[in-house]
Amino acid sequence: MNNNKVFLILGASSDLGLALVRKLNEDYTDSTFCLHYHSSSEALEALPFSNGNRSLLFQADLSSDTDVQVLLDDLAAKELSPTHIVHLCASKMMYTKLKDFDAERLDKNVRIQVYSFVRILKAFLPGMAKRKEYDKVVAVISSVASGKPPKSMLEYTAVKSMLLGVIKQLAADYEGKKVCINGVSPSMIETKFLSDLDPRLVEMAAEVSPENRNAKPEDIVPAIAFLLSEDSNYMNGVNLNVSNGSVII
Ligand SMILES: NC(=O)c1ccc[n+]([C@@H]2O[C@H](COP(=O)([O-])OP(=O)(O)OC[C@H]3O[C@@H](n4cnc5c(N)ncnc54)[C@H](OP(=O)(O)O)[C@@H]3O)[C@@H](O)[C@H]2O)c1
């Protein structure tokens with residue numbers, strides 16, 4: 001039943017997150033949307049909610065242990081126990097070769113994408129498993145962690161592969177507990193995530209992709225929504241390849 005859920009959407013302010021929240025607001029009723037952002041709440045504040053749904057906004061820099069703790073404390077103080085967790089946070093995309101390796105930058109991205117996520121799951125997964133109601137966890141990974149990665153993505157591929165490892169391990173550890181822990185791995189999506197890249201590189205990626213175009217958020221959101229829905233109750237530890245065939249495993 002699509003009602004009375006508590007969604008915790010980490011990185012709801014992402015272009016993908018905003019499109020996802022719009023769809024979930026149509027698909028669910030009487031649900032609470034805990035929407036996390038890092039730098040700006042403007043787009044989230046502008047989202048209209050209907051169907052008895054309500055939203056609460058939470059700011060946190062997930063590279064900061066303190067902020068992660070404040071987020072957890074804030075959710076606990078409001079007695080919010082998520083039934084559905086989506087993780088979309090990441091540092092902006094950049095191409096990195098071996099010669100560019102920057103341990104500090106990589107570490108920051110690992111804290112944003114992996115450590116904070118693990119701490120948040122540590123707080124909520126046991127309760128989700130106890131409920132035995134097919135609660136859901138979905139992390140947005142990337143096609144770089146599925147097949148052969150494109151060239152010069154050393155740091156990004158390293159972090160996303162680590163995130164994939166977390167999903168696989170926790171899915172194995174929680175098997176049979178009626179909580180579904182899965183990932184979605186899209187190919188390149190035209191969002192603000194790419195804004196620091198040379199636009200010619202984005203165009204080149206589009207040219208070599210199957211329909212000569214990069215994805216739009218609307219191409220990816222249905223896969224995330226599916227993994228959040230009851231239709232995926234028999235799926236656990238999956239990394240859904242959403243690349244229009246750019247990656248075939
Ligand atoms: N775009 C692509 O080509 C592509 C392809 C495959 C996978 N993905 C993955 O899809 C997910 C969403 O990406 P998107 O394209 O929609 O990107 P986006 O719009 O740039 O969103 C990035 C998200 O990360 C958050 N964030 C950044 N730094 C943070 C920090 N220090 N602490 C907490 N949150 C932080 C941002 O928050 P604020 O906006 O509030 O700062 C935003 O919500 C990411 O995990 C990305 O790796 C993207």
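In what order do the elements of the protein chain run from the N terminus on? The order is β-α-β-α-β-α-β-α-β-α-β-α-α-β. The chain holds 7 helices and 7 strands. Both kinds of element are DSSP runs, numbered from the N terminus: helices are H or I with at least four residues, strands are E with at least two.

This is a predicted model, in which local features need pLDDT of at least 70 and side-chain atom pairs count only at pLDDT 80 or more, while totals for chains, interfaces and linings use all residues. Residues are numbered from 1 along each chain as its sequence is written.

**Overall fold**

With 7 helices and 7 strands, the protein chain has a radius of gyration of 17 Å, close to the 18 Å that the globule rule gives for 249 residues, so it is as compact as a globular protein of that length. The radius is taken over C-alpha atoms, and the rule is 2.2 Å times the number of residues to the power 0.38. The C-alpha trace spans about 45 × 40 × 40 Å along its principal axes. Buried residues make up 40% of the 249. A residue is buried if 20 or more other C-beta atoms lie within 10 Å of its own, exposed if 12 or fewer, and partly exposed in between, with C-beta atoms placed from the backbone. Contacts need C-beta atoms, placed from the backbone, within 7 Å. Among contacts between residues at least 6 apart in sequence, 74% join residues at least 24 apart.

**Two helix pairs**

Two packed helices are described by the angle between their axes and the distance between the axes. Axes are lines fitted to C-alpha atoms, for helices over the stretch in contact, and angles run from 0 to 180 degrees between N-to-C directions.

| Helix pair | Axis distance | Crossing angle |
|---|---|---|
| α4 (residues 103-131) and α5 (residues 154-173) | within 9 Å | roughly 15° |
| α1 (residues 15-27) and α7 (residues 217-228) | within 9 Å | roughly 55° |

The α4 and α5 axes cross at roughly 15°. That makes α4 roughly parallel to α5. The α1 and α7 axes cross at roughly 55°. That makes α1 oblique to α7. Angles under 35 degrees count as roughly parallel, over 145 as roughly antiparallel, 65 to 115 as roughly perpendicular and the rest as oblique.

α4 passes α5 in a right-handed crossing. Residues making this contact include Leu106, Val110, Phe117 and Leu121 of α4, and Val159, Met162 and Val166 of α5. By class, the contact has 13 nonpolar, 2 polar and 2 charged residues. Ala, Val, Leu, Ile, Met, Phe, Trp, Tyr, Cys and Pro count as nonpolar, Asp, Glu, Lys and Arg as charged, and the others, Gly among them, as polar.

The crossing of α1 and α7 is right-handed. In α1, Asp15, Leu16, Ala19, Leu20, Lys23, Leu24 and Asp27 meet residues of α7 including Pro217, Ile220 and Ile224. This contact divides into 9 nonpolar, no polar and 4 charged residues. A crossing is right-handed if the near helix is turned clockwise from the far one by less than a right angle, left-handed if anticlockwise.

**Loop residues**

Which loop holds Lys78? Lys78 sits between α3 (65-77) and β4 (84-87). Lys78 is exposed, with 12 other C-beta atoms within 10 Å. Lys78 and Lys132 are 54 residues apart in sequence and 23 Å apart in space, C-alpha to C-alpha.

Glu79 is also in the loop between α3 and β4. Its phi is near 55°, a positive value in a residue other than glycine. Glu79 is exposed, with 7 other C-beta atoms within 10 Å.

Asn51 lies in the loop between α2 (42-45) and β3 (54-59). Phi of Asn51 is near 55°, a positive value in a residue other than glycine. Asn51 counts as partly exposed, with 14 C-beta neighbours inside 10 Å.

Definitions and conventions: Two residues are in contact if their C-beta atoms, placed from the backbone, lie within 7 Å.
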